[in-house]
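Hi there,

Here is the structure I promised to pass on to you. Please have it open while you read the notes that follow.

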Amino acid sequence: MRHQLFNVDTALLTTRCVVRRFREHDGKAFYKLLDNNRDYLLDHFPYLMAEAGKSRKGAEIFVRECIAEWLLQQRYAMGVWSNETTELIGFVQVFSIDWAVPSGELGFFIDREFIRQGIMTEVLARVVRFAFLQLELEKLVVKTLVDNYASQRLIRRVGFSREGDLRGEYRLPSGTLVDLMRFGFVRETYGE
């Protein structure tokens, strides 16, 4: 366990949001977010939907696992809360952390009502800063479906570069194997 990470920020501020570590009883709000975006999330985050999207209780269990994994320095999962409405409008996580490099993968989504408003650009820019300057990761990776053009544009805007294609890497809930694109961002190219 890295003692220097005991005091990392648990809330990150952007112009329009607070991106913060989950707290006990956030499961109800998380379930509402998942339920409101069920159609989209079933294809893009089937494992999350299977784990947290079935019930409020399942969502609360997921939230508490996220809290535990934060404390164990295994995953940094956060909710994106609107400053205007104080509602949970998105989710972002640094996961699959390999402390030997150190590196991690970034996953995210935002409520369909807030897509294409620049909010997730703000959020990801702030989370990248957190990952490089506080977690001291050397590299971040994002994997997207090959036809998820909006996510590809977004992560390029934040500073990620395409590293290649992963053939037959992901199985949709329908059983179909699809390709992913891999994007990377290394700390040495981070401008801060």
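Predicted model: local features only at pLDDT ≥ 70, side-chain atom pairs only at ≥ 80, totals over all residues.

K32 has a charged partner. Its side chain meets that of E87 in a salt bridge, with 3.8 Å from N to O. The two come from distant parts of the chain, 55 residues apart: K32 sits in helix α1 (residues 27–36), and E87 is in the loop between β3 (76–82) and β4 (88–98). E87 is partly exposed too, with a relative accessible area of 42%.

**Other salt bridges**

A search of the whole structure turns up 14 salt bridges.

E163 counts as partly exposed, at 40% relative accessibility.

Another is D165 with R162, at 2.5 Å from N to O. Here D165 is partly exposed at 31% relative accessibility, and R162 is partly exposed at 40%. Both residues also belong to a network of salt bridges that links R162, D165, R167 and D179.

Which residues touch the most other members of the largest nonpolar core? They are V92 and F160, in a core of 37 residues. Several elements supply at least two residues each to this core: β2 (17–21), β3, β4, β5 (103–110), α5 (119–134), β6, α6 (149–158) and β8 (177–186). The largest share comes from α5, with nine residues.

The residues in contact with F160 are then L106, V128, L140, V141, V142, I155, F183, G184 and F185. There is also a second, separate core of 20 residues, and F22, L33, L34 and I67 are among its members.

How many residues of β5 are buried? Eight of its eight residues are. Both faces of the strand are covered: S103, E105, G107 and F109 are buried on one side, and G104, L106, F108 and I110 are buried on the other.

β5 pairs with β4 in the antiparallel sense, over seven bridges. A hairpin of four residues joins these two strands, and G107 in β5 is the bridge partner of Q93. β5 also pairs with β6, this time in the parallel sense and over three bridges. In that pairing, L140 of β6 is the bridge partner of G104.

**A patch on the surface**

Lastly, M1, F6 and L72 form a nonpolar patch on the surface, and together they have about 370 Å² of accessible area. M1 lies in the segment before β1 (11–13). It counts as exposed because its relative accessibility is 66%, and exposed means over 50%.

Enjoy exploring, and write back with any questions.

Best wishes

Definitions and conventions
Residues numbered from 1 in each chain as written. Heavy atoms only, no water. Patch = residues over 30% accessible without salt bridge, like charges linked within 9 Å, V, L, I, M, F, W, Y side chains within 5 Å. Areas by Shrake-Rupley, 256 points an atom, 1.4 Å probe, with all protein chains shown as cover. Salt bridge = Lys/Arg side-chain N within 4 Å of Asp/Glu carboxyl O. Buried < 20%, exposed > 50% of the residue type's maximum accessible area, 1.4 Å probe, protein only. Core = buried A, V, L, I, M, F, W, Y, C linked by side-chain atoms within 4.5 Å. Contact = heavy atoms within 4.5 Å. Pairing = 2+ DSSP bridges. Lists of a residue's contacts leave out its neighbours within four places in sequence.
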